[in-house]
Amino acid sequence: MIKLLLLVAALIAGIVVGPMLAGNQGYVLISAANQTVEMSLTTLIILVVVLFGAFFLLENILKRLFSLGSSTRGWFSGRKTRKARLQTSEGLTKVIEGDWKQAEKLVVKSAKHSDAPLLNYLAAAEAAQGQGDASQRDEYLKLASEIDGQSLAVALTRAKLQFRQQQFEQAVATLQDIKRDHGRNPVLLTLLKDCYIRLEDWKPLLALLPQLEKAGIVDIEEAAKLEAKAECGIMHHIAKQQGSEGLMGHWNSLSRKTKARPDLIACFVKLMSQYNADSEAYTVLRDALKKNNDESLINLVPALKLADNHPAIVRLQDLLRYDSSNPSTHSALGQLFMREGKLEQAKEHFEKAIALRSDVADYGYLVEVMEQLDDKQGAAELSRQALTLALPAKS
């Protein structure tokens, strides 16, 4: 714009000053090498103005040409981008549908001109794994990392795909690499929890539980179940490696609160019995029954192989003084009396247990007692009742 104004000003100046110089045009001599050029001052001024005008005209023509080229390139580039968007969208749809081969083809083809190539390569990784090609999956994840090496999405996608491929140790390693910077991420924490469970890596799971609760991933009830599962898993490992002595030592090292939980007491007692430490198991069970008449614990008493059943019978009879209507206590006493050969007492407790709750196992025990008492008719009647109870109800 400024150049155009200068050119106009020069032309106006030429028109105004030209006539004034018509009678006194001056003289100009230009000499270069062996060439000389002579002209009037007026002619030189007009020539300079014309040359400037031609220069401005050429400049504008070139600008328009380059602008047209840039617009053309922009149009082609925009066309490729639009096409990439459509292919990416279609490819992601194919991923959701499970058409892995077509999905991989579309998202990889459109990655170069995609607005978000990172998403293309992550989708391609999932499509490759869907086809069972773990090496190609890792190659796509590598390309995604090259775009954004610090991306949480890349790491989580890698861990998810490793988990689905049952590569649990690799998934844990991937998640641990980003846990320091993204320790509160719920997807990360959930994946870690699931990996620890599948690996039966119980100690890290116990350490993770407070974070899972704080992040709202598990509620109090679920956290308690996971804690019991982890603690019981640890006891299984110790019993397998160190036997009943090692298990007993571990149990004594636990907090009072942990040792008061019925589910963990039951796990401990069952494991000790498996390793033929029934007497030591009963000691813990007996102490627990002084404070807790949990039915799952009462049911464990007759399952133990004790050299002397009398202390266990006395303990159960003490429980009946506080709760005479507990069917589990009556059933446990019936089993111990039957083992001791005290059939009339066993019969009495089994009948009370059945009166309080209909249980097929108690019917079975009572039938066995009746047969030993030579009451064939009573045993047959009980067998029919038990069969009726065992059969599914007709609608």
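Seven nonpolar, three polar and four charged residues make up the lining of the largest pocket, where Ala, Val, Leu, Ile, Met, Phe, Trp, Tyr, Cys and Pro count as nonpolar, Asp, Glu, Lys and Arg as charged, and the others, Gly among them, as polar. The model is predicted, with local features requiring pLDDT of at least 70 and side-chain atom pairs pLDDT 80 or more, while totals for chains, interfaces and linings use all residues. Residues are numbered from 1 along each chain as its sequence is written, and side-chain values use heavy atoms, without hydrogens and water.

The 14 lining residues include K259, A260, D287, A288 and K291, which lie nearest the centre of the largest pocket. A pocket is here an open set of points on a 1 Å grid over the protein atoms alone, where a 1.4 Å probe fits, with protein on both sides within 12 Å along at least five of seven lines; lining residues have an atom within 4 Å of a point. Two or more lining residues come from each of α10 (220-253), α11 (256-259) and α13 (278-291), these helices being DSSP runs (H or I, at least four residues) numbered from the N terminus. The most is given by α13, with five residues.

Helix α10 also packs against α12 (residues 262-274), at an angle of about 40° and with axes 9 Å apart; axes are lines fitted to C-alpha atoms over the stretch in contact, and angles run from 0 to 180 degrees between N-to-C directions. Contact, meaning heavy atoms within 4.5 Å, involves residues including M235 and W251 of α10 and F268 and L271 of α12. The residues of this contact divide into 12 nonpolar, two polar and two charged.
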